[in-house]
Amino acid sequence: MSVRELVVLGTASQVPTRHRNHNGYVLRWDGEGLLFDPGEGTQRQMLRAGVAAHDLTRLCVTHFHGDHSLGLAGVIQRINLDRVPHPVTAHYPASGRRFFDRLRYATAYRETVDLREEPVSGDGGTLAVTDAFTLLARRLSHPVESYGYRLVEPDGRRMLPERLAAHGITGPDVGRLRREGELRGVTLDQVSEPRPGQRFAFVMDTRLCDGVYELAEGCDMLVIESTFLDGEADQAEEYGHLTAGQAASVAVEAGVRHLVLTHFSQRYDDPAEFARQARAAGFAGELTVAEDLTRVPVPRRR
């Protein structure tokens, strides 16, 4: 059975707190597991959340600030210790290759896994095309080079049982019609309708910029930083971050279905205020103020 969900490992910005671990997010997408921004403590949070090293197929780092990357050393050593049998691909800003190398080889261990490095450069672009999705990156606006990631499922067709029945098409013939596009004079368009593929985006440390909107466009789920509340908008701009209201405004303009706010400054102790400000900015869709060790299902297809 396929599973599509976000597993939240940590939600703190800059420093962990008693209730929030450093960043870490796993997107389960059918048979793939994409780990985004593993900060300190990610390996232990994976254990607590029931995520195994064998579940991981890609490591996606937005930028090389410690709260987004210091957990790489432990995660990489763990996938080698557990002898993960499949290749694992690492995406990260090419300008931070020296940081990735230092974390990958922080201490001595035995390499047993095919860890493939595919750095991101320039304005981003297409990183991978599989049968299940296309993975893209876009440049963001932060004091150090930073990228967001976007996963897009190919569009498909939704078969309509009543139309199939009207044309007498049943059983294995349904699959044959889907594959071949026509069966006994009946075309696929006559018995199905377009089904948009699902879209997911992961946007961390950034000011508002074109890349944020490009990543968020039409997403079923947008995971986005909201380090500050709206009263600290000037500080957010100075340090290259978003407020709760700004993140929600992006979601409104982009037509996002499920908005996940995360990456909260330690100065705030009332998570509900992030939700209030997101609603005040006009976001009316499904809203999650992320908490450590929670699971957030990707919305069902449209």
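This report walks through helix packing, salt bridges and a few single residues in a predicted model.

Local features need pLDDT of at least 70 and side-chain atom pairs count only at pLDDT 80 or more, while totals for chains, interfaces and linings use all residues. Residues are numbered from 1 along each chain as its sequence is written, and side-chain values use heavy atoms, with hydrogens and water left out.

## Two helix pairs

Let us start with the helices. Helices here are DSSP runs of H or I with at least four residues, strands are runs of E with at least two, and both are numbered from the N terminus. Axes are lines fitted to C-alpha atoms, for helices over the stretch in contact, and angles between N-to-C directions run from 0 to 180 degrees.

Helix α9 (residues 244–254) and helix α10 (residues 272–280) have axes that come within 8 Å and cross at roughly 45°. The two helices are therefore oblique to each other; angles under 35 degrees count as roughly parallel, over 145 as roughly antiparallel, 65 to 115 as roughly perpendicular, and the rest as oblique. The crossing of α9 and α10 is right-handed, a label used if the near helix is turned clockwise from the far one by less than a right angle, with anticlockwise giving left-handed. On the α9 side the contact (heavy atoms within 4.5 Å) is made by A244, G245 and A248, and on the α10 side by F274, Q277 and A278. Sorted by class, this contact holds 4 nonpolar, 2 polar and no charged residues. In that sorting Ala, Val, Leu, Ile, Met, Phe, Trp, Tyr, Cys and Pro are nonpolar, Asp, Glu, Lys and Arg are charged, and the others, Gly among them, are polar.

Helix α3 (residues 72–81) packs against helix α4 (residues 97–104) at an angle of about 55°, with the axes 8 Å apart. That angle makes α3 oblique to α4, and the crossing is right-handed. Here L72, A73 and I76 of α3 meet F100, L103 and R104 of α4. The class count for α3 with α4 is 5 nonpolar, no polar and 1 charged residues.

How does burial look along α3? Its buried residues (under 20% relative accessible area, with exposed over 50% and partly exposed in between, using a 1.4 Å probe and protein chains only) are L72, A73, V75, I76, I79 and N80. Just after α3, R83 takes a positive phi of about 50°.

## Salt bridges

A search of the whole structure finds 24 salt bridges, each being a side-chain nitrogen of Lys or Arg within 4 Å of a carboxyl oxygen of Asp or Glu.

| Pair | N to O distance |
|---|---|
| D114 and R116 | 2.8 Å |
| R301 and E153 | 2.8 Å |
| R276 and E273 | 2.7 Å |

In the pair of D114 and R116, D114 is partly exposed with a relative accessible area of 36%, and R116 is partly exposed at 40%.

The salt bridge between R301 and E153 links distant parts of the chain, 148 residues apart: R301 sits in the segment after β18 (295–297), and E153 in the loop between β9 (147–152) and β10 (156–159). R301 is partly exposed, with a relative accessible area of 35%, whereas E153 is buried at 6%.

R276 and E273 are 3 residues apart in helix α10, so about one helical turn separates them. An α-helix has 3.6 residues a turn, so residues three or four places apart point the same way. Both partners are partly exposed, R276 with a relative accessible area of 44% and E273 with 24%. Salt bridges that share partners also join R4, D30, E153 and R301 into one network.

## Two single residues

L164 lies in helix α5 (residues 161–166). Is this leucine buried or exposed? L164 is buried, with a relative accessible area of 8%. Not counting residues up to four places away in sequence, L164 touches M159, I169, V174, L177 and V191. Its C-alpha atom is separated by 46 Å from that of D37, 127 residues apart along the chain.

R176 lies in helix α6 (residues 172–180) and is partly exposed, with a relative accessible area of 36%. Leaving aside neighbours within four places in sequence, R176 is in contact with G181 and L183. The C-alpha atoms of R176 and R279 are separated by 47 Å, and the two residues are 103 apart along the chain.
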